[in-house]
Every structure is written in C-alpha cells, then in structure tokens.
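Dear colleague,

Please find below the structure I promised to pass on to you.

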Amino acid sequence: MDAEGRALSANTESGGRYHTNWLNMMYPRLRLARNLLADDGVIFISIDDNEYANLRRICDMIFGENCFVATLHVELSATQGMKVKAAQNGNIVKNAEYILVYTRDGHKNIGVNLLYDYRPEYDSHYSYFLSKDKKSFQLLRSVYHELYPNVKLKDIVSMYREVPNFKNFVDEHRDRIFRIDKTTGFSMEKFERGVIYNDYFAKGKKYTLYNDGHGIQQFLFLGASFGKCDDFAGGFGLRKIRGDWWKEFYKDMGNVSKEGNVVFENGKKPVRLIKQLIKLCTNSDDIIMDFFSGSATTAQAVMDLNKDDGEKRKFLLVQLPELCNSTSSAFKAGFNNICELGESRICNAGVRIEKEAEEKNQEVPDTGFKVFRLDSSNIKRWNPDKKDLAQSLWDYVDNFVEGRTEEDVVYEIMLKTGIDLSCPVEKLERDGHTVYSIGMGALFICLDDHVNEDVAKVLTALHQELSPETWKVVFRDNAFDRDADKTNVREMLKCEGLDPVDFLTI
Ligand SMILES: C[S@@+](CC[C@H](N)C(=O)[O-])C[C@H]1O[C@@H](n2cnc3c(N)ncnc32)[C@H](O)[C@@H]1O
C-alpha cells in the first residue's frame with residue numbers, strides 16, 4: 001500500500017509470489033514488534049491455514065524457537081450454512097483459526113489472570129461430604145440416600161447433569177464437598193489425630209488435612225473449582241482452567257458486525273476474544289500494542305477490561321489510512337479510510353463505558369486517546385545549496401518546516417526527549433508568553449520568539465508551582481535575540497536547579 005492507503009498491487013495466489021509477498025510484508029513488522037516488546041512481553045499473532053506454517057517459521061527465526069509458547073485454537077466458526085453442504089460433500093470444514101503466542105524472553109507461564117470455561121460435567125471424585133461441625137465426613141451418596149436410595153457413586157455425575165435439586169445441593173455446599181488426594185505427603189507428627197486443619201498449600205493446590213490415625217487424609221474442596229467463567233455465557237459455576245482450546249467464539253461472530261457500532265467487513269475480531277488475550281497476560285498499567293488495528297477492537301477491549309477490573313492498561317494502535325472501498329458499509333457510513341472508522345469506534349466505546357460507570361456509580365475509567373499521523377520531521381533537514389551557502393544560512397534561520405503547528409513541534413520534542421506521548425500536555429499563557437507544560441512540568445517547551453529573562457521568570461514560577469521530580473526546558477534555537485539572553489536564561493534556570501544538560505534548544 002502507498003502512504004495514502006491505496007493498494008499498489010493485489011497479492012493473488014496465481015501471481016507466483018503469493019507467500020513471498022506475504023512474508024516480505026510480515027517480516028519487518030515482526031522484527032519491529034520484537035524490538036518493541038518488553039523483556040517480559042508476549043505477542044499474539046492471529047492466522048489461518050494459508051500462512052500458518054510460514055508464520056511459525058519466521059517467528060521461530062525472529063523470536064527464537066525457545067520463545068514459542070503455544071498455538072491457541074480458536075473456534076471461530078461452526079459447521080452451519082454453506083459449511084454443512086461442504087461437509088456433506090466430504091470436506092473437512094474449518095472451525096478453528098490459530099493464534100501463535102511467543103514471548104520475548106522465552107518464559108512460558110504467561111498467565112497473569114487465568115481464564116476459565118464452564119464445566120458441565122461433575123467430577124465423580126468429589127464424593128465426600130464434610131459435616132457442618134467439621135468433625136466427621138461421609139460419602140455424598142449417603143447424604144442423599146434418603147431422597148435417592150438407589151444412587152450409586154458413579155451415578156452422581158449424571159445426577160448433577162439431570163437432577164436440578166442435586167445440582168443445587170452440590171453448588172450450595174461446594175465448600176463442604178471434597179475429594180481425597182494422595183500426592184503431597186504431609187508428615188503425621190505435626191497433625192493431631194481427629195483434628196481438621198485448613199488451608200495447607202502444596203504444588204499449587206489448597207488442602208485441608210485430617211489425621212485419621214492411619215495417615216494424613218488430604219481433602220481438596222470442590223469450591224476451588226467454582227467461580228466466574230469466561231466462556232460465552234459468562235456465568236458462575238463449575239469451571240476448568242482454559243488451555244489452548246478456545247471454544248465457542250463462533251457464538252460471538254454472530255454479533256461481531258455490530259460490536260463497537262461500526263461495520264468493518266475486513267476481518268473484525270470479537271471483542272471478547274481480544275479482551276481475554278489481554279486479560280490472560282496483562283494487568284496494572286501494561287501497554288497493549290496492535291500493529292493491524294482495523295476497526296480498533298483492541299482499544300475497545302482494553303477500555304472494557306479496565307472498566308471490569310479497575311486496572312490502567314494503555315493501548316497503542318497502528319493502522320494505515322487504507323481507503324474504504326466505495327461499495328463497503330464503512331464508506332456508506334461516511335468513513336473515507338479505516339483510521340476514521342477506528343477513531344469513531346474508540347469514541348463510541350468511551351461514551352458507553354463512561355455512561356455505564358456513571359449508572360453504576362463506579363469510578364469513571366480514563367477513556368481518552370490521542371491520534372497521531374506519521375509524518376516527516378517538523379524540523380528542516382540541513383540540505384544547503386552549496387553554490388549559495390550564504391542564502392542557505394538565511395533560509396535556515398527559521399528551521400521549522402512551513403505549515404506545521406506548534407502542537408506538531410511539541411509532540412516531536414516529546415518523542416525526541418523520550419517523554420510518553422500519553423502524558424498530559426497543557427498550554428499555559430503566562431505574562432504574555434506561551435509555555436507547554438508536559439507531564440506536570442517534567443518538560444517545559446516555549447516556542448516563542450524573543451526569549452529573555454522574563455521567560456526565565458515565568459519558568460521559574462511554574463517550576464516552583466508544579467515542583468516536578470525532574471525537569472527539562474526546550475526553546476527554539478533562534479528565539480534569543482542576543483547570545484547574552486541565552487546565557488542569562490540558562491543561568492537563571494540553573495539557579496532554580498535546572499541541570500545545564502537539560503537546557504535544550506532546537
Ligand atoms: C484483519 S484486519 C484487522 C482487524 C482487527 N483485528 C479488527 O478486529 O478490526 C488487518 C488490518 O491490517 C491492515 N493491513 C493490511 N496490509 C497491511 C500492510 N501491508 N501494512 C500495514 N497494515 C496492513 C489492514 O488495513 C487491516 O486493517
């Protein structure tokens with residue numbers, strides 16, 4: 001695609017360079033992704049059968065084979081509609097797509113928050129019931145014996161499935177129903193005979209222990225397998241930890257076109273899927289980056305998740321200003337390019353999330369975002385006319401590219417001084433001077449002309465008012481009428497504590 005988002009050529013299978021073109025497009029992006037990834041960062045790459053094998057190979061090259069974590073199998077479609085006919089004709093229809101997972105440093109335990117799926121089957125091992133006074137335990141079957149006299153131990157699995165009363169009983173008493181485990185080997189001497197000891201951890205499991213005189217009984221309670229599930233229904237109940245089989249996302253696909261109130265026919269992903277990938281491996285103020293933002297599902301997922309768990313994750317999305325096809329729904333909805341569509345979705349999501357938080361009297365999460373367009377530098381490159389150096393020098397007295405705004409320059413300085421672009425930028429007017437205060441005074445930028453001691457006084461006052469931990473000050477190089485003004489301003493700011501290396505001119 002060119003810089004305006006027009007496709008330069010269609011990558012057709014018959015073109016002979018189908019896979020090569022795809023690899024040429026992906027390789028530099030994945031290299032860059034690796035460079036940008038935090039040391040403990042995780043990357044997820046969604047792919048179907050067409051390039052799975054090639055993607056695996058270049059990821060092994062770029063990230064290292066030892067950094068491969070898993071291939072998630074996401075059930076994104078069911079055998080329905082056209083697929084039924086295909087299946088009836090003997091084809092193996094596609095139900096899954098894949099998500100390759102790699103880490104930067106090779107760690108495999110990426111799960112910060114575990115994901116759970118609903119477990120409809122009861123595990124017959126959980127067949128013991130502890131009395132209320134916690135003094136004795138018996139088989140669950142015998143507790144229910146009066147109601148169901150013929151029930152055998154093996155029947156309790158089907159009873160859980162088929163008899164609502166039994167299921168309710170089990171669900172309600174999950175903290176008294178347990179199974180016996182025999183793996184950890186606690187020593188008898190520590191535990192008095194006939195006493196029940198709670199909360200012993202071994203190998204990631206929480207045990208209750210009981211010395212019956214012959215040995216230590218190790219109880220695992222059913223309650224530990226209960227909780228909120230992450231499957232489509234999202235209910236509360238018996239659950240199991242999810243592995244690499246991510247099932248039933250085809251159910252989300254039924255509604256995906258409506259998600260975020262934007263129609264995007266070019267591979268929109270269910271927000272629940274992206275949300276769960278992010279939930280799995282991030283928290284606090286982690287940064288989530290998406291190289292192929294499309295309809296900005298990732299932004300919505302991050303904001304939704306922050307609303308749910310109160311964390312402060314940030315997102316960084318990249319999208320070419322690819323033009324919307326004139327026959328597409330996006331174009332008909334008034335969007336010229338995909339970036340506009342993505343922006344609109346982030347706004348929609350923000351408005352909804354704020355409204356929901358207000359309605360529930362919850363703290364309103366930060367739904368603000370900034371949009372940047374990649375461009376050349378705002379500062380002219382020194383490229384003099386060697387035949388007329390004198391004129392070139394005059395031409396470069398004003399070294400900013402024409403047509404750029406002060407804000408453009410401010411953000412370029414932020415990038416160059418390593419300040420986070422999401423830091424708050426305040427434009428302050430003081431004593432007739434304009435000062436940009438970034439990150440509550442971590443960086444002051446004054447792009448005024450005729451900078452002299454008055455500006456130094458303004459900055460001194462601002463520094464005292466905001467008292468940032470560290471600070472930097474940036475002026476235009478040609479803003480000082482005389483060398484003496486520059487020296488005086490630097491000295492005055494030095495007296496206020498500014499390290500001379502943090503006095504910068506551009
Ligand atoms: C499948 S879409 C991503 C959809 C997104 N996950 C969502 O839920 O909306 C892939 C995106 O990659 C972008 N893309 C395609 N070719 C590209 C290229 N050569 N360089 C950068 N982006 C490209 C497209 O503009 C498109 O928005």
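**Helices α8 and α9**

The axes of α8 and α9 approach within 8 Å of each other and cross at roughly 60°. The two helices are therefore oblique to each other. Please note that this is a predicted model. The crossing of α8 past α9 is right-handed. On the α8 side, the contact is made by Val271, Ile274, Lys275, Ile278 and Lys279; on the α9 side, Thr297, Thr298, Gln300, Ala301, Val302, Asp304 and Leu305 take part. By class, the residues of this contact divide into six nonpolar, three polar and three charged.

Is α8 enclosed by the rest of the structure or open? Nine of its 11 residues are buried, so α8 is largely enclosed by the rest of the structure. The buried residues are Val271, Arg272, Leu273, Ile274, Lys275, Leu277, Ile278, Lys279 and Cys281. You will see that Arg272, Lys275 and Lys279 are among them, and these count as charged. The cover over the buried residues of α8 includes the strands β1 (42-47), β2 (68-75) and β14 (287-290), together with the helices α7 (250-253) and α9.

Lys269 is found in the loop between α7 and α8. Lys269 counts as buried because it has 24 C-beta neighbours inside 10 Å, where 20 or more are required. Leaving aside neighbours within four places in sequence, Lys269 is in contact with Ile274 and Thr297. Both of these residues also belong to the contact between α8 and α9, Ile274 on the α8 side and Thr297 on the α9 side. Pro321 stands 52 residues from Lys269 in sequence, and the C-alpha atoms of the two are 19 Å apart in space.

**Nonpolar cores**

The largest nonpolar core comprises 38 residues. Val101, Tyr102, Ile278, Ala299 and Val302 are the residues with the most contacts inside this core. Helix α8 (residues 271-281) gives the most to it, with six residues. Val302 touches Ile278, Ile288, Arg313 and Phe315, when residues up to four places away in sequence are not counted.

**Helices α9 and α11**

Helix α9 (residues 297-309) also meets helix α11 (residues 338-359); their axes come within 9 Å and cross at roughly 10°. That angle makes α9 roughly parallel to α11, since angles under 35 degrees are counted in this way. The crossing is right-handed. From α9, the residues in contact are Ala299, Gln300, Met303, Asp304 and Lys307; from α11, they are Arg345, Ile346, Ala349, Gly350, Ile353 and Ala357. Six nonpolar, two polar and three charged residues make up this contact.

**Helices α14 and α15**

The axes of helix α14 (residues 453-466) and helix α15 (residues 483-495) come within 9 Å and cross at roughly 20°. This makes α14 roughly parallel to α15, and their crossing is right-handed. Glu453, Val455, Ala456, Leu459 and Thr460 in α14 face Asn488, Val489, Met492 and Leu493 in α15 across the contact. By class, these residues are six nonpolar, two polar and one charged.

**Two residues with positive phi**

Which residues other than glycine have a positive phi? Asn361 has a phi near 55°, and the phi of Asp431 is about 50°. Asn361 lies in the loop between α11 and α12 (389-395). Asn361 counts as exposed because it has 6 C-beta neighbours inside 10 Å. Asp431 is placed in the loop between β16 (425-430) and β17 (433-438). Asp431 is exposed as well, with 10 other C-beta atoms within 10 Å.

Yours sincerely,

A colleague

Note on methods
Residues are numbered from 1 along each chain as its sequence is written. This is a predicted model: local features need pLDDT of at least 70, side-chain atom pairs count only at pLDDT 80 or more; totals for chains, interfaces and linings use all residues. Axes are lines fitted to C-alpha atoms, for helices over the stretch in contact, and angles run from 0 to 180 degrees between N-to-C directions. Helices (H or I, at least four residues) and strands (E, at least two) are DSSP runs, numbered from the N terminus. Angles under 35 degrees count as roughly parallel, over 145 as roughly antiparallel, 65 to 115 as roughly perpendicular and the rest as oblique. A crossing is left-handed if the near helix is turned anticlockwise from the far one by less than a right angle, and right-handed if clockwise. Two residues are in contact if their C-beta atoms, placed from the backbone, lie within 7 Å. A nonpolar core is a set of buried Ala, Val, Leu, Ile, Met, Phe, Trp, Tyr and Cys residues joined through C-beta atoms within 7 Å. A residue is buried if 20 or more other C-beta atoms lie within 10 Å of its own, exposed if 12 or fewer, and partly exposed in between; C-beta atoms are placed from the backbone.
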